[in-house]
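Have the sequence and the model open as you read.

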Amino acid sequence: MASPNGQESVPDSWDEIPSVQTDNVPELSSRLSRTNLNVNAPVFTPGQNVFATPFIPPDSVSVNNSAVEVEPRSTTTIEAASEELEPSTESITEPQESSSIDTEGIDEVMETEVKETLPDVEETGNGDIDDWANDLEEGDKDDDEMVDEDDDTDDTDVEKPKKKPKAPGQPKIRKEHLNVVFIGHVDAGKSTIGGHLLYLTGMVDKRTLEKYEREAKEKNRESWYLSWALDTNLEEREKGKTVEVGRAFFETEKKHYSVLDAPGHKSFVPNMICGASQADLAILVISARRGEFETGFERGGQTREHAMLVKTAGVRHMIVLINKMDDPTVEWDESRFIECREKILPYLRKCGFNPKTDLYFMPCSGLGGAFLASVPDESVCPWYRGPSLLEYLDSMPPISRALDAPVRVPLVERYKDMGTIVLGKIESGVITTNQKLLMMPNKTPVRVMNIVSDEDESDDAMPGENVRLKISGVEEEDVSPGFVLCSPENVCNTGRIFDAQIVILEYKSIISAGYSCILHIHACVEEVTLKALICLIDKKTGEKTQVRPRFIKPDQAGIARLEVNGGLICLETFKDFPQMGRFTLRDELKTIAIGKVLKIIE
């Protein structure tokens, strides 16, 4: 029965199977005769190539000035190998002769390969192989493009710096930590100055900076390349505007600095408030370019609002950097520096900064780097001779921290990465790994699994540090910015209704009971409603002037009762814990009032 392709298919009955034809049996047996087989071939052993050149261990290599000589293997080693394989000597040599393998050519190739892998053998003469191995490892480290997955096996030969063990229960010795926030109007040069500081302190290498410069040039943004060290978002790089709070760090010989690059655009002021709440020191960047300073400082510019917000956030000291002094419209003109300083000084004094103790004015060039890390030549700027920005920061007195106080960590961000990760600044207390804490206001017990401070894993963290904590016991979706990690035996207060002293900065009309706005207190952002106005206060004397007023208008101070619409939040009275007792009220993209918590009602 034939199939469509001409071959016989399965028969209708298995009884009809034809007998096997044996006509080709003699031909098959002749092909399989032993005369045509290589009976002298070596025995096949899995994982072993009998035709390969014997392996010579590195210890048997001797180096001379002329060439590298390979010592031949001893006859006893060959005999032992032949006994394992159990072929005769002829069986080993015959395939080599039939395949016409030139052993001398292999030896020459091996010698040339060894010469290529061992650098400078002929020039240096006799040496130690371990030294060459170390040279090769150093060369591999310098080549960033040659990355091998098997590098972990070589780590045992390289000596790594070992951390000194510390006594249990004692904090490790570290440099003083200082959190610096860059504020100012959009395009004043905040990100450029921050990126240049990272480069000058060695946190960003020259190769990376050249890469940023090429990419910025391709987008016709040549002058923005320094800011890309902090503006890592694609949207930020294309628009040239910081959106999120950029975070970085650098070190000097005396201190460790965490950099917070706040956005300058008015649409992102809430992000700026979050960055200011984590800062110890503010650097107000002002553009000295003709027209830019006036735009940033007039009403609607962010120079005024940022200065007020950092003061409200608890920043006591401010450095005013008058940037772009090398601009063609300025050319390091001292009169322009004095003009900018005299215009902004009265407003900063009004915000509460003392010009003698809280403020310091300094000219600089963020793009050129003048007065950032070092003082330029006198021919550049003869009227200001220092100190530079880093010199001034290092000379500042240390900030007192509450080491023995209960733990307070307001959380500014959270995400999921092999567990729940939270970010925040330690306002008080010391955090250690495996420590049990309580998350307020939902009263969830958590355990600290891992502590990372500025990309450095640690067993503990001190007050003032911005840390990234991996915690267990709570899911990421159950955590919100504004939650606070506390010591279980001493938790923070929570409330929904509280009395506060407020100062109205600017508003289009009067404010009365029933008015709603956005409350920013530490890292918490909630909508609040003004339930009642209790009294007005004279700003000069501090005395009550009017009880139960019907309204409050701009530039007036008073005591009001506020209610949080979203439920309980974490807060403290300003008297007990200032970091969690000061707040800002915003409405319609403007800061309308600042205040402090006086009493928590419920």
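Q: What is a disulfide, and how many does the structure hold?
A: A disulfide is a pair of cysteine sulfur atoms within 2.5 Å. The structure holds 0 disulfides. Take C524, which is in no disulfide: the nearest cysteine sulfur belongs to C570 and is 7.5 Å away. C524 is buried, with a relative accessible area of 4%; here buried means under 20% relative accessible area, exposed means over 50%, and partly exposed lies in between (1.4 Å probe, protein chains only).

Q: What should I know about the model before reading further?
A: This is a predicted model, where local features need pLDDT of at least 70 and side-chain atom pairs count only at pLDDT 80 or more, while totals for chains, interfaces and linings use all residues. Residues are numbered from 1 along each chain as its sequence is written, and side-chain values use heavy atoms, with hydrogens and water left out.

Q: How many helices and strands does the chain have?
A: Helices (H or I, at least four residues) and strands (E, at least two) are DSSP runs, numbered from the N terminus. The chain comes to 14 helices and 26 strands. Of its 602 residues, 40% are buried.

Q: How do I read a pair of packed helices?
A: Two packed helices are described by the angle between their axes and the distance between the axes. Axes are lines fitted to C-alpha atoms, for helices over the stretch in contact, and the angles run from 0 to 180 degrees between N-to-C directions. Helix α12 (residues 302-312) packs with helix α13 (residues 334-351) at an angle of about 30 degrees, and their axes are 9 Å apart. That makes α12 roughly parallel to α13 (angles under 35 degrees count as roughly parallel, over 145 as roughly antiparallel, 65 to 115 as roughly perpendicular and the rest as oblique).

Q: Which residues of α12 and α13 make the contact?
A: Contact means heavy atoms within 4.5 Å. From α12 come T303, R304, E305, A307, M308 and K311, and from α13 come I344, Y347, L348 and C351. By class, this contact has 6 nonpolar, 1 polar and 3 charged residues. Ala, Val, Leu, Ile, Met, Phe, Trp, Tyr, Cys and Pro count as nonpolar, Asp, Glu, Lys and Arg as charged, and the others, Gly among them, as polar.

Q: At what angle do α10 and α12 pack, and which residues meet?
A: Helix α10 (residues 269-276) and α12 pack at an angle of about 35 degrees, with axes 10 Å apart. V269, M272, I273 and A276 in α10 meet Q302, E305, H306, L309 and V310 in α12. These divide into 6 nonpolar, 2 polar and 1 charged.

Q: Is N323 buried or exposed, and what does N323 touch?
A: N323 sits in strand β7 (residues 317-323) and counts as buried, at 2% relative accessibility. Leaving out residues up to four places away in sequence, N323 touches residues including A188, G189, V285 and C364.

Q: What can backbone angles show me?
A: Look at phi in two loop residues. F371 has a positive phi of about 65 degrees although F371 is not a glycine, and lies in the loop between β8 (359-363) and α14 (389-395). F371 is buried, with a relative accessible area of 0%. M418 also is not a glycine and has a positive phi, near 55 degrees, but M418 counts as exposed at 73% relative accessibility.

Q: Which peptide bond is cis?
A: The bond from M440 to P441 is cis, with omega near 10 degrees. P441 lies in the loop between β12 (436-440) and β13 (444-453).
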